[in-house]
Amino acid sequence: MTKEQTIYEIKKLFHKYNKMRNNCNEEWERLEESESEYATEEQSMLNAEEEAYSRIIRDLEDLIQGIKENKVDI
């Protein structure tokens, strides 16, 4: 696999996790408007999930940058 192919595959993962993070945010907003007694608990779980996706996205960004700068062997 070439450097460009590797970066392309990583970017696909980046977009996948970004979409999942956005889905968490949309669900959080939906819960915010609901009057469910479980909304706060569900929002807490969504916050944790969104933070995990954010960490994965940052790691993928760092990996892409490292590959571009030849700091990461592939």
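Let's start with N70. N70 is exposed, because its relative accessible area is 59% and the cut-off for exposed is over 50%. Keep in mind that this is a predicted model. Where does N70 lie? N70 lies in the segment after α2. Look at its backbone, too. N70 is not a glycine, yet it has a positive phi of about 60 degrees.

Stay in that segment for D73. D73 is also placed after α2. Is D73 buried or exposed? D73 counts as exposed, because its relative accessibility is 78%. Now take D73 together with A39. In sequence, D73 and A39 are 34 residues apart. In space, their C-alpha atoms are 45 Å apart.

On to helix α1. This helix covers residues 3-33, which makes 31 residues. What span should we expect for α1? At 1.5 Å a residue, helix α1 should span 45 Å. The C-alpha atoms at its ends are 45 Å apart, so the model agrees with the expectation.

Which residues of α1 are buried? They are T6, I7, I10, F14, N18, C24 and L31. An α-helix has 3.6 residues a turn, so residues three or four places apart point the same way. Now, what do the buried residues of α1 pack against? They pack against α2, residues 39-68.

Next, the geometry of that pair. Two packed helices are described by the angle between their axes and the distance between the axes. For α1 and α2, the angle is about 160 degrees. Their axes are 9 Å apart. The cut-off for roughly antiparallel is over 145 degrees, and α1 and α2 are therefore roughly antiparallel to each other. The crossing of α1 and α2 is left-handed. What kinds of residues make up the contact of α1 with α2? The contact divides into 18 nonpolar, 6 polar and 10 charged residues.

K12 has its place in helix α1. How far apart are K12 and I64 in space? From C-alpha to C-alpha, K12 and I64 are 12 Å apart. In sequence, K12 and I64 are 52 residues apart.

To recap. N70 and D73 are in the segment after α2. The buried residues of α1 pack against α2. The α1 and α2 crossing is left-handed.

Notes: Residues are numbered from 1 along each chain as its sequence is written. This is a predicted model: local features need pLDDT of at least 70, side-chain atom pairs count only at pLDDT 80 or more; totals for chains, interfaces and linings use all residues. Side-chain values use heavy atoms; hydrogens and water are left out. Helices (H or I, at least four residues) and strands (E, at least two) are DSSP runs, numbered from the N terminus. The expected span of a helix is 1.5 Å times one less than its number of residues. Buried means under 20% relative accessible area, exposed over 50%, partly exposed in between (1.4 Å probe, protein chains only). Contact means heavy atoms within 4.5 Å. Axes are lines fitted to C-alpha atoms, for helices over the stretch in contact, and angles run from 0 to 180 degrees between N-to-C directions. Angles under 35 degrees count as roughly parallel, over 145 as roughly antiparallel, 65 to 115 as roughly perpendicular and the rest as oblique. A crossing is left-handed if the near helix is turned anticlockwise from the far one by less than a right angle, and right-handed if clockwise. Ala, Val, Leu, Ile, Met, Phe, Trp, Tyr, Cys and Pro count as nonpolar, Asp, Glu, Lys and Arg as charged, and the others, Gly among them, as polar.
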